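Subject: A structure for you to explore

Hello,

Here is the structure I promised to hand over, with the sequence alongside. Have a look at it first, and then read on for what I found.

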Amino acid sequence: MKKTLQMLNLLEQQGVIKRYAIGGAMGATFYVEPFTTFDLDVFVVLPNADNAPLVSLTPIYQFLAARGHLPEKECVMIEGVPVQFLPAYNSLLEEALEQATDVMYDDVPTRVLTADHLAAIAVQTGRSKDRARIPMFLDSGALNNQQLVAILARHGLTERWAQWTSQ
Amino acid sequence: MDKPVKQDFVKVRHRTALRTLSYPEKVRIVVELQKIAVPILKARGKAAHAWEVTSC
């Protein structure tokens with residue numbers, strides 16, 4: 001895993017991506033108890049993404065392939081870990097990446113989305129497995145209620161959050 | 001009535017302990033969970049494999 005994170009850092013240092021942060025189940029695992037997942041979701045901001053009509057992950061795939069990390073289905077195998085690169089495709093994800101937390105993984109620096117943004121993304125994505133994560137976040141004590149309420153309101157998710165947490 | 005309360009307390013304490021583990025330690029547990037899940041998923045015809053990390 002350390003080597004995987006080092007490769008993600010190299011992608012950023014070399015300018016292939018502007019910024020990355022771990023999200024999805026492995027992002028959630030940073031805040032809650034560990035649970036089963038099989039890939040590492042990495043949200044990325046791509047260089048010149050503002051001007052491009054079409055977002056392409058090809059530069060990432062080429063950079064990694066040149067170092068022996070080949071695609072496998074929707075992921076790229078990096079040092080034994082299937083990594084799924086997800087471009088920030090909406091304003092919630094852009095904000096989440098901007099405000100992601102710098103953390104250390106042993107001696108390797110990395111970045112994880114905040115618990116509040118992970119919860120909001122789960123609400124926005126809306127799958128059953130996303131919904132199952134909400135009680136874990138609520139139990140974890142990692143959510144900042146004031147911040148979460150503001151995020152949900154900014155991105156039109158307040159109503160769904162109320163539905164999900166009232167049952 | 002005492003017993004369920006005690007069990008609940010132990011469960012909550014265990015989950016709290018898991019939450020406060022370091023990230024590398026959590027990743028090590030995720031890989032162990034993957035190793036348990038893989039044969040079950042394969043038996044159901046789903047492709048899955050545990051991360052091949054030499055060290056977490």
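A pocket, as the word is used here, is an open set of grid points where a 1.4 Å probe fits, with protein on both sides within 12 Å along at least five of seven lines. Please keep in mind that this is a predicted model.

The largest pocket has a volume of about 530 Å³. It is lined by 24 residues, and those closest to its centre are A:Ala25, A:Asp41, A:Arg127, A:Lys129 and A:Arg133. Which helix gives the most to this lining? That is H6 of chain A, with five residues. Several elements of chain A supply at least two lining residues each: helix H2 (24-29), strand S2 (40-45), strand S5 (81-87), H5 and helix H6 (128-140). Sorted by class, the lining holds 13 nonpolar, five polar and six charged residues.

The second largest pocket contains about 410 Å³ of space. Among its 13 lining residues, the closest to the centre are A:Phe38, A:Lys73, A:Glu74, B:Ala47 and B:Ala48. Its lining divides into seven nonpolar residues, one polar residue and five charged residues.

A:Phe38 deserves a visit of its own. You will find A:Phe38 in the loop between H2 and S2 of chain A. Is A:Phe38 buried or partly exposed? Its relative accessible area is 23%, and buried means under 20%, so A:Phe38 counts as partly exposed. Leaving out residues up to four places away in sequence, A:Phe38 touches A:Pro82 as well as several residues of chain B, including B:Gln34, B:Leu41, B:His49 and B:Trp51. For a sense of distance, A:Phe38 and A:Leu93 lie 55 residues apart in sequence and 22 Å apart in space, C-alpha to C-alpha.

Now for chain A as a whole. Chain A has eight helices and seven strands. Its C-alpha atoms fill a box of roughly 50 × 35 × 30 Å along the principal axes. A compact globule of 167 residues would have a radius of gyration near 15 Å, and chain A, at 16 Å, agrees with that. Of the 167 residues, 51% count as buried. Look also at the contacts in chain A with a separation of 6 or more: 66% of them are between residues 24 or more positions apart.

Next comes the nonpolar core. The largest one has 64 residues, and the members with the most contacts inside it are A:Leu8, A:Leu11, A:Val44, A:Ile60, A:Leu64 and A:Phe85. Helix H5 (residues 115-125) of chain A gives the most to this core, with seven residues.

Finally, a word on the backbone. Most residues other than glycine have a negative phi. A:Glu79, however, has a positive phi near 50°, and A:Glu79 sits in the loop between strand S4 (75-78) and S5 of chain A. A:Asp106 also has a positive phi, about 55°, although it is not a glycine. A:Asp106 is in the loop between strand S6 (101-105) and strand S7 (108-112) of chain A. A:Glu79 is partly exposed, at 32% relative accessibility, and A:Asp106 is partly exposed at 47%.

Enjoy exploring!

Best wishes

Conventions. Residues are numbered from 1 along each chain as its sequence is written. Chains are lettered from A and ligands numbered from 1 in the order in which they are written. This is a predicted model: local features need pLDDT of at least 70, side-chain atom pairs count only at pLDDT 80 or more; totals for chains, interfaces and linings use all residues. Side-chain values use heavy atoms; hydrogens and water are left out. A nonpolar core is a set of buried Ala, Val, Leu, Ile, Met, Phe, Trp, Tyr and Cys residues joined through side-chain atoms within 4.5 Å. Buried means under 20% relative accessible area, exposed over 50%, partly exposed in between (1.4 Å probe, protein chains only). Helices (H or I, at least four residues) and strands (E, at least two) are DSSP runs, numbered from the N terminus. On a 1 Å grid over the protein atoms alone, a cavity is a set of points where a 1.4 Å probe fits but cannot get out, and a pocket is an open set with protein on both sides within 12 Å along at least five of seven lines; lining residues have an atom within 4 Å of a point. Grid points are joined across faces, edges and corners, and a volume is the space filled by probe spheres set on the points. Ala, Val, Leu, Ile, Met, Phe, Trp, Tyr, Cys and Pro count as nonpolar, Asp, Glu, Lys and Arg as charged, and the others, Gly among them, as polar. The radius of gyration is taken over C-alpha atoms; the globule rule is 2.2 Å times the number of residues to the power 0.38. Contact means heavy atoms within 4.5 Å.
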